[in-house]
Amino acid sequence: MITNNPEESKNPSDLQDSLSSLDKRLKKIAADLEHTQIAEYVHLLNRPRTLIWKNLLAGTARGVGIAIGFTFFAATILYVLRILGALNLPIIGDYIADIVRIVQIQLEGKTY
């Protein structure tokens, strides 16, 4: 650490150690900045068309992924409900059968 007191800064080895430590820290900070890819991020921010295009593609991919995921989830739930409906459980079976019937009518495009 560099101080304003002239008697403490007279030792050249202390000054050399401080500069060496500062150099190591600066090299580490520079390496960390390279790993975070800030230059690419700033380059992207300076090109609005590229930024819009990448965000459009990312949003489309998210939307398609959500749609496919929900389809598989709903199909699995309907499959389980159909199995439970086939067991003819007293109260739950009628309720599940109604739900499956409503979904099948909606899938066929009919109004119920």
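Let's start in helix α1, residues 12-36, where K27 and D23 sit 4 residues apart, about one turn of the helix. This is a predicted model, and in it K27 and D23 form a salt bridge whose closest N and O atoms are 3.5 Å apart. On the solvent side of things, K27 is exposed, with a relative accessible area of 56%.

K28 counts as exposed at 53% relative accessibility, while D32 is partly exposed at 37%.

Now over to helix α4, which covers residues 90-108. Here D98 and R101 are 3 residues apart, about one turn of the helix, and their salt bridge brings the closest N and O atoms to 2.8 Å. D98 has a relative accessible area of 36%, so D98 is partly exposed. R101 is partly exposed too, at 45%.

How many salt bridges does the structure hold? The count is 3, and here they are side by side:

| Salt bridge | Closest N and O atoms |
|---|---|
| K27 and D23 | 3.5 Å |
| D98 and R101 | 2.8 Å |

Why do such pairs turn up? Side chains of opposite charge can pair when their charged atoms come close. For a salt bridge the cut-off is a nitrogen of Lys or Arg within 4 Å of a carboxyl oxygen of Asp or Glu, so K27 and D23, at 3.5 Å, qualify.

Notes. Residues are numbered from 1 along each chain as its sequence is written. This is a predicted model: local features need pLDDT of at least 70, side-chain atom pairs count only at pLDDT 80 or more; totals for chains, interfaces and linings use all residues. Side-chain values use heavy atoms; hydrogens and water are left out. A salt bridge is a side-chain nitrogen of Lys or Arg within 4 Å of a carboxyl oxygen of Asp or Glu. Helices (H or I, at least four residues) and strands (E, at least two) are DSSP runs, numbered from the N terminus. Buried means under 20% relative accessible area, exposed over 50%, partly exposed in between (1.4 Å probe, protein chains only).
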